[in-house]
Amino acid sequence: MLTVAGRTGSIVLGCAALAVASLPLFASPYHLELVSTAVVFAMFALSLQLLVGVTGLVSLGHAAFFGVGAYAIHLMGAHGPSISVLITLPAAVLMSGLAALAVGALALRTRNFFFLMTTLAFGQMLFFVFHDTPLGGGADGVFVTRPTFSLFGLEWVVSRQDRPAVMLFVNLGVLVAMYLGLAGLLRTMFGRALLGIRANEHRMRSMGFHTYWLQLGAFTLAGALAGVAGHMWGMTQAFVSPELLAWHRSAEALLMILLGGLGALHGPILGAFAWVGLGEIAQLITERQRLVEGLVILAVVLGLRHGLAGIRVPSLRRAMPQAEPATRAEEVSP
Amino acid sequence: MSGVAAQLLNGLQYGLLLFLISSGLTLIFGVMGVINLAHGSLFMIGAYIAFVVSGGTGSLWLALPAAVVGGLALGAVLERGLFRRFYHREHLDQVLLTFALILLFEEGRSVLLGNDFHSVPVPAALDVAVPMVGDFSYSAYRLAVLGACLAIAGAMFLAIERTRIGSAIRAAAEKPEMVDLLGLDARRIHMVVFAVGTALAMLAGALAAPLHSVYPNMGHGFLIICFVVVVVGGVGSIAGAFWGALLIGIVDTLSKAYLPFASGLAVYVLMAVVLLWRPTGLFARS
């Protein structure tokens with residue numbers, strides 16, 4: 001069962017967003033870029049949550065759509081004169097959405113582990129497309145010209161000093177919009193049907209729902225949203241490489257979801273921040289970052305069954321019993 | 001003409017190697033319902049065992065039993081210590097458990113042996129070309145690998161079809177509840193399957209070491225190709241893994257030799273076609 005943060009939870013999330021937005025007042029450009037990275041990963045993990053937490057489909061090829069979204073900037077010919085983000089972003093959505101539609105149409109013919117293997121294999125296929133063919137511009141990646149903020153010839157020029165802060169604001173805005181959009185989607189008939197498929201696909205089918213098309217819709221939408229995240233990554237870094245599509249990124253996004261909490265819509269956001277923070281701390285204390293990461297994943301998988309969003313503070317609840325209905329997350333049921 | 005024959009033999013040999021890896025993958029999945037992403041890392045460990053043992057003793061022949069024994073032991077320990085707890089957990093948990101294992105195995109390899117590429121010499125006795133038809137000759141080591149894989153495949157078919165433990169494994173793969181009803185020890189079956197699957201992957205790594213050289217993350221590519229094999233061949237059946245592996249091995253090798261622009265893509269296109277035509281795999285029991 002997937003929960004959306006209730007009133008108290010929403011206030012906490014809103015405060016966290018404000019705290020992130022206030023970082024440019026005192027944080028260094030390095031830390032602004034680090035937080036920007038976490039925000040982009042949060043978008044990516046959130047897009048995957050639509051498949052994993054909402055529809056109950058575990059995909060191991062989601063990074064491919066992230067990568068296609070990032071490469072959209074390169075493919076739109078951003079080598080030459082810079083293009084408005086109002087063109088590159090829809091292009092990223094379209095390209096990654098179409099890629100997801102094609103992969104999903106085939107992969108959804110399989111279930112469970114087969115679905116996992118099939119999405120992984122098709123993700124790898126897209127990796128090879130950008131790695132080996134002239135389309136991608138080389139196995140080592142390419143620099144891209146940043147899309148500009150311009151509309152009808154009016155351009156907002158961002159200076160180099162301001163860029164980390166501006167990109168953080170933009171990324172945060174996109175993340176908030178994506179979260180609110182998904183929370184709204186869960187209230188629609190489509191969203192409720194997807195939750196129903198996760199709970200019991202057979203029952204949904206016997207009730208007359210066309211589960212294949214609903215799942216394909218979810219897969220395509222999730223791919224398009226991953227494309228948005230990838231586009232924001234490319235725009236923030238001004239560099240794209242085939243490595244963005246690599247399957248270990250898909251596994252990392254799954255990890256963010258599990259780390260943050262499979263059962264909450266905001267879980268992936270917590271998970272992404274926790275994962276990026278963990279990587280940064282691990283890098284400070286040891287050269288063996290992967291060792292720390294591996295051990296943490298093991299610990300999470302063996303111990304923390306409901307993720308960070310599942311951690312409750314019992315003393316607080318006992319102290320304020322009257323606040324119970326408000327703190328309890330609102331459940332969305334099909 | 002001899003070029004095509006050599007490529008076909010290469011494909012056959014590559015396919016048989018893929019069979020060794022994917023048979024373990026498909027059995028472990030079929031019997032225990034666990035997907036093991038770290039299966040490729042086991043292959044990598046086998047290759048590094050070949051590198052270390054043949055470097056230390058000068059003989060690849062000692063490396064092969066070392067890989068098998070090490071694989072049986074490692075598989076039993078992993079099954080006992082970790083995987084046993086995950087048979088009834090969600091797929092997501094299994095994915096992350098095995099992803100963590102990949103990170104730990106690769107980091108362990110990096111700590112012990114570094115991140116360099118290494119080549120492993122072909123055993124001197126087999127470092128010759130065997131004359132085939134006319135002026136066409138072929139590497140003796142590749143022929144030996146081909147023969148060894150065929151022998152192992154034959155032994156596996158016999159073991160699965162003719163022995164008591166084999167029929168118990170088949171029962172466990174088809175109807176797990178039957179194993180309990182018949183009073184068989186499911187825990188022992190699980191351990192045997194996991195240990196044998198691990199040993200096969202590590203043996204494949206040791207056999208492949210002189211052909212593919214030894215390098216970090218070498219298991220990833222093999223793992224994904226073996227997923228394609230399992231999807232194309234059909235789940236849980238050794239025969240499916242066998243024919244699927246041969247098909248993928250030959251298609252991959254020929255496409256890399258003759259269609260350079262589509263080198264990495266041909267097998268995925270094949271997988272897409274199979275999914276459209278028979279989503280349960282070409283050789284799945286209906």
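A:Glu252 lies in helix α10 of chain A, where helices (H or I, at least four residues) and strands (E, at least two) are DSSP runs numbered from the N terminus. A:Glu252 is buried, with 24 other C-beta atoms within 10 Å. A residue is buried if 20 or more other C-beta atoms lie within 10 Å of its own, exposed if 12 or fewer, and partly exposed in between, with C-beta atoms placed from the backbone. In sequence A:Glu252 and A:Ala63 are 189 residues apart, and their C-alpha atoms are 9.3 Å apart in space. The model is predicted: local features need pLDDT of at least 70 and side-chain atom pairs count only at pLDDT 80 or more, while totals for chains, interfaces and linings use all residues. Residues are numbered from 1 along each chain as its sequence is written, and chains are lettered from A and ligands numbered from 1 in the order in which they are written.

Chain A contains 14 helices and six strands. Of its 334 residues, 48% are buried. Two residues are in contact if their C-beta atoms, placed from the backbone, lie within 7 Å. Among the contacts in chain A with a separation of 6 or more, 80% are between residues 24 or more positions apart. The UniProt annotation "transmembrane region" (unreviewed entry) covers residues 51-73, 85-107, 113-130, 165-190, 211-233 and 253-279 of chain A. UniProt positions are given in the numbering used here, feature names are shortened, and annotations may be inferred rather than shown by experiment. In the model, residues 165-190 of chain A are 88% helix and 0% strand, with end C-alpha atoms 36 Å apart. Residues 211-233 of chain A are 100% helix and 0% strand, and the end C-alpha atoms of this span lie 32 Å apart.

Leaving aside neighbours within four places in sequence, A:Val292 is in contact with A:Ala282 and A:Thr286. The C-alpha atoms of A:Val292 and A:Gly61, 231 residues apart along the chain, are separated by 24 Å.

Between the chains, 32 residues of chain A are in contact with 29 residues of chain B. Two or more residues on the side of chain A that touches chain B come from each of α5 (112-132), α10 (247-260) and α12 (289-302) of chain A. The most are given by α5(A), with 13 residues. By class, this side of chain A has 22 nonpolar, five polar and five charged residues. Ala, Val, Leu, Ile, Met, Phe, Trp, Tyr, Cys and Pro count as nonpolar, Asp, Glu, Lys and Arg as charged, and the others, Gly among them, as polar.

Axes are lines fitted to C-alpha atoms, for helices over the stretch in contact, and angles run from 0 to 180 degrees between N-to-C directions. The crossing of α5(A) and α11(B) is left-handed, a term used if the near helix is turned anticlockwise from the far one by less than a right angle, with right-handed used if clockwise. A:Thr118, A:Ala121, A:Phe122 and A:Met125 of α5(A) make the contact with B:Tyr268, B:Met271 and B:Leu275 of α11(B). These residues comprise six nonpolar, one polar and no charged.

Within chain B, helix α2 (residues 39-57) and α9(B) pack at an angle of about 130°, with their axes 7 Å apart. This makes α2(B) oblique to α9(B). The crossing of α2(B) and α9(B) is right-handed. Residues in the contact include B:Phe43 and B:Met44 of α2(B) and B:Phe222 and B:Leu223 of α9(B). By class, the contact of α2(B) with α9(B) has six nonpolar, five polar and no charged residues.

The loop between α8 (186-212) and α9 (218-233) of chain B contains B:Ser213, and B:Asn217 lies in the loop between α8 and α9 of chain B. Phi is near 60° in B:Ser213 and near 60° in B:Asn217. Most residues other than glycine have a negative phi. B:Ser213 is partly exposed, with 14 other C-beta atoms within 10 Å.

Note on methods
Angles under 35 degrees count as roughly parallel, over 145 as roughly antiparallel, 65 to 115 as roughly perpendicular and the rest as oblique.
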